[in-house]
Amino acid sequence: MKDQNVREYLAAQRDLHKRPTVVAFPTLYPREVLTALDLCAWEVWSAHASDYPDADAGRLQGYLCPTVRGAQAFLSGAEHGAIAAIVPHTCDSLQGLATIGKHLGGASVPVLSFRHPRGSDRPASRRYLRAELESFVCELEKVSQRTLDPARLTAAIELHRRLEALVGKVLRGRPWLTMSDADLYAVLRRMEWKHPEDMVVELEAVEAQIDRSVPRRKGVPLVFSGMVPEPSGLFETLEDAGAYVAGDDYAGLGRRLPAHDGPIDQDPIGSVVERLLLMPPCPTRALNSSLRIDRLRALASEAGAGGVVLHTVKFCEPELFDVPLMRRGLEQAGLKVLHIETELEDRVTGQIATRLEAFVEMLSDERSA
Amino acid sequence: MGVLGKVVQRVKYEGAARVAPSLVRAGRLQHQLKSRGKKRKAPGSELFGPPLETYAKLKEVLTSHYLSGRYANGAVPVAWVTSGFPVEFLRPFGYHVVYPENHAAMCGVQRMGVELAQTSEEWGIPRDVCGYARSDIGSLLSGKSPAGKIPKPDLLLACTNICQTVVYWYRTLGKMLDVPVFVIDTPYQYGEPDSHAEQYVADQIEECIHVAARVAKRRVDMGALRETSKISREASLLWGECMALSKHKPAPWTGFDQFLHIGPIVAMRGLPECNAYYRMLRDELADRVSRGIGAIREEKHRLMWDNLPIWYELRSLSQLLAERGFNIVTTSYTNGWAETAPLFDPEDPVRSAARVYARVFINRDLEYRLGLFKQLVSDYDCDGALLHSNHSCKPYSIGQLDLSHELAKEASIRTLVVDADHIDMRVYSKEQTEGRITAFMESFET
């Protein structure tokens, strides 16, 4: 069965640590709250509908993104063993998935929505997000039959901060890490299902391998921006071509690291709200594309990268709309841009491999010149 | 532009609105004189009742709106808004309002959608995104439009109650035009509407009113806002009355007529001209009902339509259906502009607008939508439904396969889902679709 190791881990969490599983779909939801309620989140970013042959087929049109089609197949089965599913209000398709799950029998478990605001810099957004978070907590308490303890939430926030700090250090320390991108992403993506305590241990081990006294790794550094770092073969292709991911702006990784830390409020719910509002700009929420351009420029500068790869999933409207403006804004800043589109395939297509190789070659020639 | 220039521009702007109806009437008269003595009927016209006389007025009203728009820059503040935006709050500030969606629909009817979409695709907008957006951005880039010159905005205003795509679209426009964007974010309603979401919407409407006032350099006048809310409410109620006349048999107009006559309620809501127009339309429809004049000569079966129209195939589809006595008597799309009208309270314009605009049917869950479909099918005595699975409109289309199945089961009617796109003809297979619709119609005879 697909994801066997994940299921075994989650089963152990449930049986040994009394941490039932809650499935979560892209992109943003308050992870700290699940940790505080002793629930194990299983983030499903790239389920493949074909992996669930018994799922309700034909419920969704072919022009919906593969993320949502795979999510629907995953959700309609019971093999995930979850007690509930969270479908954030990320885009129109996911909002539709949530209501299919809640109201038309499209899910085998209760579906909770989390409706984060579009635009985060208005007082109204903050007030609303707080109320939405409180409502979400109530729903989660009901399905899990647990009560959120503020002290446990504070502890959970501290734990997630520690984890995020480690992720940030690992991503920034990339030039001095000998691990391949494929291996690094395999580790980082374990955050999608492993408990934060276990991930802290894993990432501390990775961080320990960063040695800034040695020269930066060879290869062309690139910034990657997109929804999900798949297929993993992409990174093997990149490595073969002589490049590596030096800056990460993936929705599940680099884009989930809050911009800065403030003190944890006496009211930890308020702290969770602030953390959500401090997330880097994401096309699913941001009202101003300049913020995203500025972020990618900063990432490129920090990483010493001359190129940015915009990696979109087919039919993903929030990301696709931004491509022409991103391209122009980044090129104006002197960066080269490559846009690749994947469908969550298992393998890299020959076309994408060729384009990546050509892009790396061009950047490599520029560096040598 | 100096003070004198602005005054001149304002005169042109107001003048154009007054002159347009005369120009349209003159054009119509010229056409009548040219075709005098030539007995030539449009193909298929024997299938239909006499055309609505109000259609001529519709052309005058919309021409007036678009013609005055050519002189708006420099005369009045200009806002581009989404169709679900609480536009009544802009009226007291004298904004000329442009609806890119309405304009894109016109492009679709004129079959310009593909050309404009290709222009935006060359610029970099991917082909898989909303057809309205591609058409609109293509028109901006090329300057091509069936409406002549569209005024540039001073403000871009979007409301997410119709979709999240408007955020990405207007964000793009904001950058292209270097114009501020204000989004009223209306959280999707799962289940009963919740108070914190509606409070959020109300807060944003308040903020938006002040932003609009600042850009227009006018003061906020709550009395004027209450007045336009009243006008807007009446407009929606009048539109609802027009549609409700299709409950009679035979229906006095078709769903395709409704798609065309929806223009003023979308683009001119909050203006007295809009209400005057719908009173006229209502009266004509009521007259047809009293005299038993149907939209089609022989109405045998009544259908509900779901989703946006296939703009470039309105005539051919209406003919295909009429040939076998099928009439679209109600549509989820046109119903949307009357559905929440009763929630408007002119004495509490902001909070009631928050309710009205947050509870638009497309911002509500699929259980609600199924209930709405069943209600429409029952109220209009439909024996079938056509659901347009619209390639580039995800929020309207996701869940349709389930809805089609549930509606057929629960309302005991026949349903058919057809694949197309509201603007992009490249996605539409005419023969296949017409074949499927024909087979669907034939199934009623068995």
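Me: What is the relative accessibility of Arg111(B), and in which class does that place the residue?
Reply: This is a predicted model, in which local features need pLDDT of at least 70, side-chain atom pairs count only at pLDDT 80 or more, and totals for chains, interfaces and linings use all residues, while side-chain values use heavy atoms, with hydrogens and water left out. Residues are numbered from 1 along each chain as its sequence is written, and chains are lettered from A and ligands numbered from 1 in the order in which they are written. Buried means under 20% relative accessible area, exposed over 50% and partly exposed in between, with a 1.4 Å probe and protein chains only. On that scale, Arg111(B) has a relative accessibility of 43% and counts as partly exposed.

Me: Where in chain B does Arg111(B) lie, and what is its phi?
Reply: Helices (H or I, at least four residues) and strands (E, at least two) are DSSP runs, numbered from the N terminus. Arg111(B) lies in the loop between α3 (100–109) and α4 (113–123) of chain B. Most residues other than glycine have a negative phi, and most peptide bonds are trans. Arg111(B), which is not a glycine, has a positive phi of about 60 degrees.

Me: Is Leu344(A), with its phi near 60 degrees, buried or exposed?
Reply: Leu344(A) is a residue other than glycine with a positive phi, near 60 degrees. The residue sits in the loop between β8 (336–342) and α13 (350–368) of chain A. With a relative accessibility of 2%, Leu344(A) counts as buried.

Me: Which residues of chain A lose the most area to chain B?
Reply: Buried area is the accessible area (1.4 Å probe) that two parts lose on being put together, summed over both, and between chain A and chain B it comes to about 4500 Å², with carbon and sulfur atoms giving 61%. Contact means heavy atoms within 4.5 Å, and the contact takes 51 residues from chain A and 48 residues from chain B. On the side of chain A, 17% of the area buried comes together from the residues that lose the most, Tyr63(A), Asp92(A) and Phe321(A).

Me: Which helix gives the largest share of the side of chain A that touches chain B?
Reply: A polar contact is a pair of N or O atoms within 3.5 Å; within protein, one must be able to donate a hydrogen and the other to accept it, and residues adjacent in sequence count only if both atoms are side-chain atoms. Between the two chains, 28 residue pairs are in polar contact, both at pLDDT 80 or more. At least two residues of the side of chain A that touches chain B come from each of α4 (92–103), α5 (123–144), α11 (289–303) and α12 (317–332). The largest share, 10 residues, is supplied by α4(A).

Me: Which residue of chain B meets Arg115(A) in a salt bridge?
Reply: A salt bridge is a side-chain nitrogen of Lys or Arg within 4 Å of a carboxyl oxygen of Asp or Glu, and the rule finds six of them across the interface of chain A and chain B. Both Arg115(A) and Asp194(B) are buried. At 2.9 Å, N to O, the side chain of Arg115(A) meets that of Asp194(B).

Me: What separates Glu60(B) and Lys57(B) along helix α2 of chain B?
Reply: The side chains of these two residues, Glu60(B) and Lys57(B), form a salt bridge of 3.6 Å, N to O. Glu60(B) counts as buried at 5% relative accessibility, whereas Lys57(B) is partly exposed at 29%. Because they are three residues apart in helix α2 (residues 54–69) of chain B, Glu60(B) and Lys57(B) are separated by about one helical turn.
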